[in-house]
Amino acid sequence: MPENYRPLLSRRGKLVAIGLAAALARPALAVVTVAQNSSTNWTITNGAMTVVFNPSKQDLTSVKLGVGGSASSNLLVSGGTVDQEFAGTPFGGGAQTFNLAMGPNNSYADVWTDSASAGAAMNATGTLINPVDYQFHYLMFDNDSTIHVYEVVNHSATDPATSVGQGQFLFRSNPTLFPNFYQQNTGPNNMVGVTTTNVPSTASNFSSVSGQAGRTVQDATTDLTASGIAGDNGTNFYTKYDYSSYTQFWQATTAYGPQFSVSSVVPSTETMTGGPTKQVLNQTNPGIINLEFLSDHYGIDGAGPGNAFPGYAYFPTQGVASSRLFGPYAFNIESSVGKTGAQINQDAVNSIAKDQALYQTDTTLIGDGYLTTGNRGSVQINAASPAGWSSNSTKNTVVLSDNGVNMQESHQGYQYWAQLSSNGSANITNAAPGTYRLTMYQIGQWGETRVDGVQVQQGKVNTPQNLKFTPENFGTAAPIWTIGSPDRSAGEFLNGHNAQGLDQRQFYGAYDYWGEMQTLGTPGKVVYYATGVGATPATNDPNKWIANEWKTFNPGLYDSANTTDDNYANIAPAYVRDAAHGGTGSGPGSFTGSPWEVHFTVTPTQLAQGQFVVLSVGAVALKASLVVLLNGHSETWSFNNFSGPDDPMTRSGDAGFYQWAAFQFPVADLNAAGADDMFTFGVSQTDGVMFDALRMEITNTSASPTTTGWDDYNYITSSKVGQNDAVALAALNSFSPLPEPSCISLLAGGLLLLSRRKSR
């Protein structure tokens, strides 16, 4: 055994004594035992489960429901583990210390391995060996069939600069035991339960099929055509990205079979990153249940604080000692006999309150930064909206996130959110003390209201005053036309939703982009009539606007004739295929089509509304420059690298990193009243642009941020002013002297300084 192997109970010096409320004490239903057999086997039993922890590898190698002779077989795949993702991290070799903390009367066991920082030491290739101290914790309470997990990253004042770009705990299940999957509330358009039976990757022959040449058509995406295995969502494909969800409503996701179930549970999203619209992976192949808390999936990369887009990576502050806790999260395991996926999933959600109470008894977790209820505060929100808040509260969102940062880039501190009721009220409870940006937005309205300096204090209820969400309409008159709804999603467009109206979530090779244009009547481009023009009526159908405008479209498809993934060259429309494949085009690898067209007319009254034409374009993924022409007059929204890996168009998503731009043209660029006007839209790079919505206004007031006071969009004329995410409203906040929780009315004090934003 290594010299630093410690078989006795250990406790780090930084742990503090915590007084526990009697209400949190648990009866001694069972006791947790830990048999420290070797440096690769600590066997943990708690009356409900038997688990083997491998301290040397920092993972669990066996998970069984039950104990002793009544225990099940190992629920993990042969050779599989419950572990943490190393890809995208700086984690490497370091001096290991094995640790065990037992609760009072053996009420819990918290086991972990501490991998010490190697400081500035580098390996032979010049890479830092391990610039941080890191720990992966596995926590079990007595008589509770749940494995709780959390990660701690410690960075000393002398450790070199580094970042952690990915964080996932992975339950590598035996896929034959968990062939079915249940998801609930995966996004604003998916507020229903969806059951997937016989997930393709759990088929007994999946490994052999996916290993065949030409079947892997994209990273973690398998073409199952003619394999005998049904694909996802009525397609011929399996891809892990089909099982993503918005962070906003994610509480639990369930994999189950006839005997057992495992649910990944998020008791709180506070230590996750990227705000509510960030999307996370819930399941990957084969049969891996994910707890993803840090990742650039559907998001943005970045090189650190100070950049225009720091991305989602965690960057320890240089020159000071710091510690970052991610979690705790949970894998809830139970018998599935006689239960549906929905029932099991609800059981997991119902367990969250119990889990949160138990966490307040683990002094190791608390010592690592977890705050007990008494150390938290709340924010009570009452916000007005001149547009009126939606009666569907899922559309009205208020967020607390990193101060001075776009909520989508929040990555250093805590994050919380709530849904505003139809009267604009919401409570964010159990928030960590700190200073936050408060962001409000409403599905169906353009823009967001940002308020910096909102504070949370221990045991206090914060009540920021005069909160008001202002829809960002540039004109006072109704828009000339709109396409889609500003819902931060491409879900309403063709390829954005399925027959039930839910987000599509499928590999893009499952549809034929060029073939769809041919079906719409204009091969090689989309032509949309935003208003009637002459004898041509207005289109008025978002299904005739495609979710993503590609420059080239050539998805990998399995070709059984040559066992490669070039089959789209054979089946693309004739106008796209090259001569070698019986077509008249240049082949899908190089065929680019034409800019899309939007036709419309204006009336004399509309022309008289003002001197500016303002075209708002919302993009849920900008993977190219968008070149917009109004009757031949050109303006360009330049590709800004916010969307480096922001690729929902290729990764089975309807939304990624949201941005929008206001293109401003002089009204003189329009034709005479009643004549055909045309916008064209062209993209500069392969993956193109995924649209959220479009809106045209005529106004006498410029859309310049210096005029509107709004800084959350790109302003484009012959030049460009980028969105300024650092700008928000200032806030002075008052605090109630009443402790949490409070059920009486709070007196207002404090004032919002509305100098940066105009009300309309």
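Some ground rules come before the details. Residues count from 1 along each chain as its sequence is written, and side-chain values use heavy atoms, with hydrogens and water left out. Since this is a predicted model, local features need pLDDT of at least 70 and side-chain atom pairs count only at pLDDT 80 or more, while totals for chains, interfaces and linings use all residues.

**Confidence**

pLDDT is the predictor's confidence in each residue, from 0 to 100. The chain has a mean pLDDT of 90, with 90% of its residues at 70 or more. Two stretches are another story. Over residues 1-28 the pLDDT stays under 50, and the model has 54 contacts there beyond four places in sequence (a contact means heavy atoms within 4.5 Å). Residues 741-760 are also below 50, with 53 contacts beyond near neighbours in sequence. Where pLDDT is low, the predicted coordinates should not be read in detail.

**Pockets and cavities**

Both kinds of space come from a 1 Å grid over the protein atoms alone: a cavity is a set of points where a 1.4 Å probe fits but cannot get out, whereas a pocket is an open set with protein on both sides within 12 Å along at least five of seven lines. Lining residues have an atom within 4 Å of a point. Grid points are joined across faces, edges and corners, and a volume is the space filled by probe spheres set on the points. For the classes, Ala, Val, Leu, Ile, Met, Phe, Trp, Tyr, Cys and Pro count as nonpolar, Asp, Glu, Lys and Arg as charged, and the others, Gly among them, as polar.

| Space | Volume | Lining by class |
|---|---|---|
| Largest pocket | about 630 Å³ | 12 nonpolar, 14 polar, two charged residues |
| Second largest pocket | about 330 Å³ | four nonpolar, 11 polar, four charged residues |
| Largest cavity | about 110 Å³ | nine nonpolar, six polar, two charged residues |
| Second largest cavity | about 80 Å³ | two nonpolar, five polar, five charged residues |

Start with the largest pocket, which has a volume of about 630 Å³. Of its 28 lining residues, Pro267, Ser268, Thr269, Gln356 and Thr429 are the closest to the centre. Helix 3 (352-359), strand 25 (416-419) and strand 26 (425-431) are the elements that give two or more residues to this lining. Helices (H or I, at least four residues) and strands (E, at least two) are DSSP runs, numbered from the N terminus.

The second largest pocket has 19 lining residues, and Gln183, Val194, Thr196, Asn233 and Asn498 sit nearest its centre. Strand 12 (residues 193-196) gives the most to that lining, with three residues.

The largest cavity has a volume of about 110 Å³. It is lined by 17 residues, with Asn495, Tyr511, Met649, Gly653 and Met690 closest to its centre. Among the residues lining the second largest cavity are Arg450, Arg488, Asp712 and Asp725.

**Aromatic pairs**

Rings of Phe, Tyr and Trp (its six-membered ring) pair if their centres lie within 6.5 Å; planes under 30 degrees apart count as stacked, over 60 as edge-to-face and the rest as tilted. The structure holds 51 such pairs. Phe86 and Phe91 make an edge-to-face pair because their planes are at 80 degrees, with ring centres 5.9 Å apart. Phe86 is partly exposed at 36% relative accessibility, while Phe91 is buried at 8% (buried means under 20% relative accessible area, exposed over 50%, partly exposed in between, with a 1.4 Å probe and protein chains only). Phe679 and Phe681 form a tilted pair, 6.3 Å centre to centre with 35 degrees between the planes. Phe679 is buried at 0%, and Phe681 is buried at 0% too. Back with Phe86 and Phe91, they belong to one aromatic cluster whose members include Trp42, Tyr134 and Phe293.

Asp355 lies in helix 3 and is buried, with a relative accessible area of 1%. Leaving aside residues up to four places away in sequence, Asp355 touches Asp144, His148 and Ala330.

Gln442 belongs to strand 27 (residues 434-442) and is buried at 5%. Its contacts, with the sequence neighbours up to four places away not counted, include Trp389, Lys395, Phe469 and Pro486.

Glu472 falls in the loop between strand 30 (467-468) and strand 31 (481-483), yet it is buried, at 0%.
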